[in-house]
Amino acid sequence: MWNIAVDDQCIFCHSRESRDHVFFECSFSTTVLKKLLVYLKEYHAPQSWCMEVEWIMAKGMGKSFSSRLRRLCFIVAIYHIWLVRNAAIF
Ligand SMILES: [Zn+2]
């Protein structure tokens, strides 16, 4: 459409890049997410995008401090993985 060549290699591990890969399958992202989950005392292994969205919607439901913290940490982690990826590319 725009005739732009796009490199589909993951900047961290050189696998084929996709949404699921960047955020939940790449060794870089899973290391970040696993450390965050340990910090939050959540014994949960990161899975696909859809599974993680379902998980955070279930665990982050409500207005309690821990629910808000889980939602905030999830959003911040995803955002920062995206920032690090973009900083490495651009
Ligand atoms: Zn990767």
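At what angle do α2 and helix α4 (residues 65-89) pack, and how far apart are their axes?

A: This is a predicted model, where local features need pLDDT of at least 70, side-chain atom pairs count only at pLDDT 80 or more, and totals for chains, interfaces and linings use all residues. Residues are numbered from 1 along each chain as its sequence is written.

α2 and α4 pack at about 155°, with axes 11 Å apart. Axes are lines fitted to C-alpha atoms, for helices over the stretch in contact, and angles run from 0 to 180 degrees between N-to-C directions. The two helices are therefore roughly antiparallel (angles over 145 degrees). α2 passes α4 in a right-handed crossing (the near helix is turned clockwise from the far one by less than a right angle).

Ser29, Val32, Leu33 and Leu36 of α2 meet Cys73, Ala77 and Ile81 of α4. Contact requires C-beta atoms, placed from the backbone, within 7 Å. By class, this contact has 6 nonpolar, 1 polar and no charged residues. Ala, Val, Leu, Ile, Met, Phe, Trp, Tyr, Cys and Pro count as nonpolar, Asp, Glu, Lys and Arg as charged, and the others, Gly among them, as polar.

Now α2 itself. Lysine 34 lies in this helix, residues 27-39. Helices are DSSP runs (H or I, at least four residues), numbered from the N terminus. Lysine 34 is partly exposed, because 14 other C-beta atoms lie within 10 Å (between the limits of 12 or fewer for exposed and 20 or more for buried, with C-beta atoms placed from the backbone). Lysine 34 and proline 46 are 12 residues apart in sequence and 7.2 Å apart, C-alpha to C-alpha.

Terms used. Angles under 35 degrees count as roughly parallel, over 145 as roughly antiparallel, 65 to 115 as roughly perpendicular and the rest as oblique. Two residues are in contact if their C-beta atoms, placed from the backbone, lie within 7 Å.
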